[in-house]
Structures are given as C-alpha cells and as structure tokens.
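The following note sets out points for a colleague to check against the coordinates. Please read it with the structure open.

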Amino acid sequence: MTSTDLPALAAELEEYLGDPHDADARMPFAAVLDHDEREEYPYGFVNLLQRWGVHEYNIPEAQGGRAGDVETGFNLLRLIARRDPTTATALIITSLAFLPAWIAGTDEQKQYLSDAMRQGSRYAWGLSERSHGSDVLSNELKAEKVPGGYLLTGEKWLIGNARVADGLSVFARTKDTGGPAGYSIFLLEKRRTPAGAVEELPNERLHGLRALDMSGIRLDRVFVPDSARLGAEGAGLEIALQTSQVARTLIGSIALSAVDTALRITLDFTERRVIFGRTVSEIPYSRRQLAECFADLMTADAVSLGAVRSLQLVPEQASVWSSAVKYFVPTVLESTMSQLNIVLGARFYLRAEPHYGIHQKMLRDMLVANFADGNTVVNLKNLALQLDGLLATAADPSPEARAAAEERVATLYGTDRELPLYRPWDQQLFSRGRDDALLAAPAALAELRVLAAAAKGDERDRLTRAADVAGELLDHTAVLRDGCAALRAELGREYGQSAELFDLAKQYCLLHAVAACLHTYVHSAGAMTDPLPSGALLLLQLERLRKQLRPHEAVTDSRVVDEVMAVLQRMYRENRLFSHWQFRLAERGDLSLAET
C-alpha cells in the first residue's frame with residue numbers, strides 16, 4: 001500500500017470509529033471500560049469492525065482479500081488498540097490462527113479459512129500448554145495417526161479466543177519421541193465435532209485485557225481428517241516459530257497504542273490544568289517528563305517500523321528483527337508509562353473518572369506485549385544464540401553485504417517506499433549473522449552528518465550533536481563484540497546459557513534501536529510532514545538510549561526539551577497519531593471534562 005493510500009485508509013477507519021471520548025461514537029471509552037469492568041467479551045466491537053472490513057486485511061490477495069502488506073494490518077490494529085487493546089488482541093489472535101495455513105496450507109485450505117473469516121468465524125491459535133509454557137518441544141497434546149486422519153488427545157491452555165472461537169489451529173505431537181520433526185499443525189473445527197467432544201476449559205480472570213476470552217480446550221481422541229493437517233507432517237515446529245515471529249512483531253502495536261492514548265490523556269490534563277499560576281505543561285520538570293515520554297514512544301515506533309516492514313522485505317532476518325522489537329518495545333514503554341503516571345498524578349489511579357479512567361486500563365492492558373508469544377527472556381535467548389554471528393558480520397561485513405543492506409534499509413525505513421508482497425513462507429528461523437539495520441548504520445550516520453552540514457541555525461547544531469551521540473553508541477558494537485569473546489573464554493560451555501550473555505543481548509537491542517532511529521530520520525524525512533522530522537527529537541531519542549548504557553549521565557538541555565515539546569504539542573493539537581506515520585485521528589469533541 002502506498003504512502004498516500006495508507007493514511008487515507010487510516011482516516012476512514014478513524015472516522016468510522018469516531019471520537020473515543022464521545023459516548024455516542026461506535027467505540028467509545030465508556031463502553032470499553034464497561035466491558036472491562038464486567039469482563040465481558042467485546043462481541044459488539046469485533047462485529048462492527050468486521051462490518052467495516054478489517055478482517056479483509058488478514059486475508060491474502062490470492063484468496064480475494066486485501067492482505068499483502070503487514071504494515072497496513074499493523075497500523076489498523078494500532079488505531080483499534082488506542083481505543084481498546086482487548087478488541088485488538090482478539091483480532092490479532094484470529095489472524096495468527098490463520099497464519100499456519102497461509103504459510104504452509106494448500107490453496108483449498110487457505111480459501112476455506114478465508115471464506116470462513118468473511119462469514120464472521122473466529123479462530124484461536126492452540127500452541128501453549130499448562131505444564132510447558134515456552135518449551136514447545138515438551139508439548140504433549142498428541143495426534144495419533146488412524147485411517148483417514150488423526151485422533152487428537154490432550155489439553156491446550158491459556159489460549160486466547162478458545163471458548164468463543166469456531167475453530168483452532170492446534171500444535172500437536174505426531175511422533176511419540178517428539179523432537180524438532182515430531183510436531184504438526186491441524187485445523188480443528190469445534191462446530192464440526194460431535195457434541196461434547198471438545199471440552200472448553202474455564203475462562204481465566206486476567207489483570208489486564210479483562211474482557212478477553214483466555215481459556216483452553218481438552219480433547220479425548222477427537223477425529224480430524226487428513227485434510228485438516230496444515231503443512232507436512234513433522235513441519236509443525238518451523239510453522240509455529242514462523243507464526244511466532246509475526247506475533248512478536250504485531251503485539252507491539254498494543255504497547256504503542258496504550259502509551260499513545262495515555263500520553264494524549266496526560267496532555268489533556270497538563271495543557272489545561274493550572275497550578276501555581278501556570279499550566280502543568282509549562283512546569284520544567286513535567287515538561288521534561290512529557291518530552292522524554294514522547295521521545296521514547298517515537299523510538300519504539302521507529303524500531304517497530306523497521307521490524308514490521310522487515311517481514312516483507314528481509315524475511316530471512318525475521319528471527320532477529322522480531323525478537324529485538326519484542327524485547328525492546330514493551331520494556332521501554334513500560335518505563336514510559338510509569339513516567340506518565342507521575343505527571344498525571346492521582347487521576348491515573350481512578351477507574352471510573354469520566355475522562356481519565358481509560359488510563360488505568362491502558363496501564364494494565366499493555367503488559368500483554370511483554371509476555372505473549374514469547375516473553376522477554378525467550379526473545380533475549382533467541383538473540384543470544386545468534387549474537388556472535390551478528391557482531392562478527394557487523395564488525396567486518398563484505399562490501400557486497402554492506403551495499404545490499406544499505407540499499408534495503410532505504411525501503412525498510414522509508415515510509416514512502418512500496419514493499420514487495422508478503423511471503424510468510426520465506427521467513428527463516430536463523431538470520432545467519434545478518435541484521436540490515438546495524439550493517440547499514442554507518443552509512444546512515446554518514447548521511448546524517450551530510451544533512452547536519454546542510455542545515456542551518458539550531459537544526460544544524462541539533463543534528464550535529466545527534467550524529468555525535470549516534471557515533472558514540474555505534475562504537476559500542478566493538479565493546480559488545482569484545483565482551484562476548486571475553487565471556488566465552490571465561491565460561492566455556494556455560495557461555496550460551498549465562499545470564500551475562502543475556503545482558504549483552506539487551507545491549508544489542510539497544511544498538512538496533514539506535515540504528516532504527518538513524519534510518520527512520522534519514523530515509524523517511526521526505527515523507528514526513530511538519531513538525532517532523534525534528535533534529536531536537538532525534539537528539540533526545542539518542543540521548544535517552546545512551547542513558548540506558550550510562551544511567552547517571554545527564555540528558556540534554558532545556559532548549560532541546562522545549563523544541564521537542566513544541567513538536568509534541570503541535571501533533572497533539574492537530575490530532576495526529578504519535579508516530580512517524582502521523583495519521584490524522586478522529587475529530588475530538590468537547591474537552592471540558594479534562595479541565596475538572
């Protein structure tokens with residue numbers, strides 16, 4: 001989808017859903033909070049979004065849908081999640097349940113599921129089990145081969161949509177010995193099994209996403225035909241991991257949207273609340289807190305921008321990009337939300353407050369991005385296992401590899417560049433030492449210095465300082481490589497499982513984020529509209545990242561904070577999404593409640 005089409009589509013969805021503060025809109029905060037308080041699944045919201053056609057962006061073009069661009073679906077989910085992360089999560093689950101068929105299914109299977117989704121059917125992704133968590137190779141639900149099909153026996157637990165779904169994609173053991181080639185995936189249509197054959201487990205009460213169905217199923221020799229197997233027998237693990245790469249990338253939309261709404265709500269307060277003779281936004285400490293929160297959110301947005309687009313452009317690197325975004329975005333934005341709590345004050349703690357009550361729901365709901373489809377530890381482990389190869393390539397890439405990476409990042413981070421059609425079956429489980437973001441970072445830094453030299457006045461100073469900070473951080477790549485070598489020499493065989501290696505993987509995610517900020521500024525600058533791009537914002541983003549390495553080092557001066565605050569206030573007053581995409585949001589009504 002082009003850089004013109006996507007904003008137009010986003011505006012269409014925003015207009016359809018309306019101002020979330022308006023009780024008469026289609027998806028108002030008041031109704032969202034009511035569902036949450038009563039822990040009632042949001043059937044109405046899911047149905048109205050299906051009427052608009054959001055499910056069409058999960059159905060491949062070959063099957064008559066509109067899904068060929070992951071970025072489109074990701075951004076539509078952001079607009080839904082800024083109103084209700086629960087509804088967005090319910091929709092994500094159905095799209096993930098379809099992915100095994102999209103990756104490995106036959107044309108008939110894809111068409112069958114596409115037609116079912118068009119008719120309003122809901123699906124669940126039956127992966128996790130009560131006793132095994134992230135250790136999927138210990139899963140016990142068994143598929144016993146019999147003439148004409150398989151008998152499924154076992155339990156799946158903590159499955160989103162399990163009770164409300166019409167069917168599930170089920171990860172099952174097809175070899176008694178298990179192992180990487182011992183699992184397969186099957187489509188289980190609950191409504192087509194004998195009555196009582198699929199036992200639905202009780203819904204689990206949740207801290208956040210309280211209205212979501214989070215339950216499970218128990219099966220005892222339930223028959224599914226051979227035609228229900230998605231992909232080859234024994235290919236289940238690879239398909240499941242490819243599906244998880246998408247899940248890890250999409251789930252960040254929940255955290256981004258939750259913080260977007262929380263920041264907007266906080267600004268409703270700080271722009272209107274007068275204390276000690278001036279608005280809260282004018283108080284230097286609060287002003288800095290707001291600017292830093294905005295910078296962190298835009299950094300997370302840049303990391304997500306590259307990760308989402310990487311699924312289409314460099315699917316062979318999906319294992320690195322999906323794990324980096326899955327670790328970095330929730331971790332950073334949880335801290336961001338805590339800062340907003342301080343600025344908003346006691347109002348963030350109120351559940352029933354007419355205007356600010358949604359903040360506490362966003363605070364709870366965003367936590368799902370941390371643990372769903374692989375928690376931070378799982379993703380750090382995936383990066384740790386590849387860290388030596390990634391750092392070796394970054395330190396000494398071939399000229400051909402670096403040139404190819406530099407060419408690709410222009411599309412990875414250029415929002416005005418069109419992407420190739422999504423090919424989920426091309427996603428690889430290991431990147432073989434490639435991370436285009438880091439490989440091409442030196443070239444982006446050089447380009448930033450060129451832009452700085454051409455800029456005038458304060459912008460020249462801001463960009464020059466940003467380039468210096470970025471260069472300092474990218475130099476840490478060598479420190480990280482040396483740290484890995486020293487740790488390996490010290491620990492020997494224990495190296496791969498050491499806590500210290502996980503800490504080094506965290507630092508790698510930080511460098512990936514530095515590269516994402518550079519590339520987004522350099523390659524999307526021409527596609528942004530005023531007040532973006534901003535040298536002051538880029539400088540604050542990079543200095544905030546540096547603070548993760550040096551937590552006691554001071555972050556930039558008040559003039560830069562003032563410039564970043566001006567960018568934030570303009571995007572807020574023009575009612576734009578806090579993103580490099582800058583989508584225009586639904587018109588807002590009377591904000592008098594925010595003044596109380």
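1. Arg 488 lies over the face of Tyr 495, at 5.2 Å from the ring centre. A charge is taken to sit over a ring if NZ of Lys or CZ of Arg is within 6 Å of the ring centre and within 35 degrees of the ring normal. Lys 145 also has its charged end over a ring, that of Tyr 150, 5.0 Å from the centre.

2. This is a predicted model, in which local features need pLDDT of at least 70 and side-chain atom pairs count only at pLDDT 80 or more, while totals for chains, interfaces and linings use all residues. Residues are numbered from 1 along each chain as its sequence is written, and side-chain values use heavy atoms, with hydrogens and water left out.

3. Eleven aromatic pairs are found in a search of the whole structure. Rings of Phe, Tyr and Trp (its six-membered ring) pair if their centres lie within 6.5 Å; planes under 30 degrees apart count as stacked, over 60 as edge-to-face and the rest as tilted. One aromatic cluster is formed by Phe 98, Trp 102 and Tyr 422.

4. The largest nonpolar core has 184 residues, and Phe 294 and Leu 333 have the most contacts inside it. Such a core is a set of buried Ala, Val, Leu, Ile, Met, Phe, Trp, Tyr and Cys residues joined through side-chain atoms within 4.5 Å. Buried means under 20% relative accessible area, exposed over 50%, and partly exposed in between (1.4 Å probe, protein chains only). Helix H19 (residues 499-524) gives the most to this core, with 16 residues. Helices (H or I, at least four residues) and strands (E, at least two) are DSSP runs, numbered from the N terminus.

5. Which residues does Leu 333 touch, not counting residues up to four places away in sequence? They are Ala 255, Leu 256, Val 259, Asp 296, Leu 297, Ala 300 and Met 366, where contact means heavy atoms within 4.5 Å.

6. Leu 263, in helix H8 (residues 252-270), counts as buried because its relative accessibility is 0%. Leaving aside neighbours within four places in sequence, Leu 263 is in contact with Leu 290, Phe 294, Leu 297, Leu 340, Leu 568 and Phe 578. Leu 263 and Phe 578 are 315 residues apart in sequence, yet their C-alpha atoms are 9.0 Å apart in space.

7. The structure holds zero disulfides, a disulfide being a pair of cysteine sulfur atoms within 2.5 Å. For Cys 293, the nearest cysteine sulfur is that of Cys 517, 15 Å away. Cys 293 counts as buried, at 1% relative accessibility. For Cys 484, the nearest cysteine sulfur is that of Cys 509, 12 Å away; Cys 484 counts as buried at 2% relative accessibility.

8. Most residues other than glycine have a negative phi, and most peptide bonds are trans.

9. The peptide bond from Asp 530 to Pro 531 is cis, with omega near 20 degrees. The bond from Leu 532 to Pro 533 is also cis, with omega near 0 degrees. Pro 531 is placed in the loop between H19 and helix H20 (535-549), and Pro 533 lies in the loop between H19 and H20.

10. Leu 158, in strand S3 (residues 149-160), has a positive phi of about 55 degrees although it is not a glycine. Leu 158 counts as partly exposed, at 38% relative accessibility. Gln 582 also has a positive phi, near 60 degrees, and is placed in the segment after helix H21 (558-573). Gln 582 counts as buried, at 4% relative accessibility.
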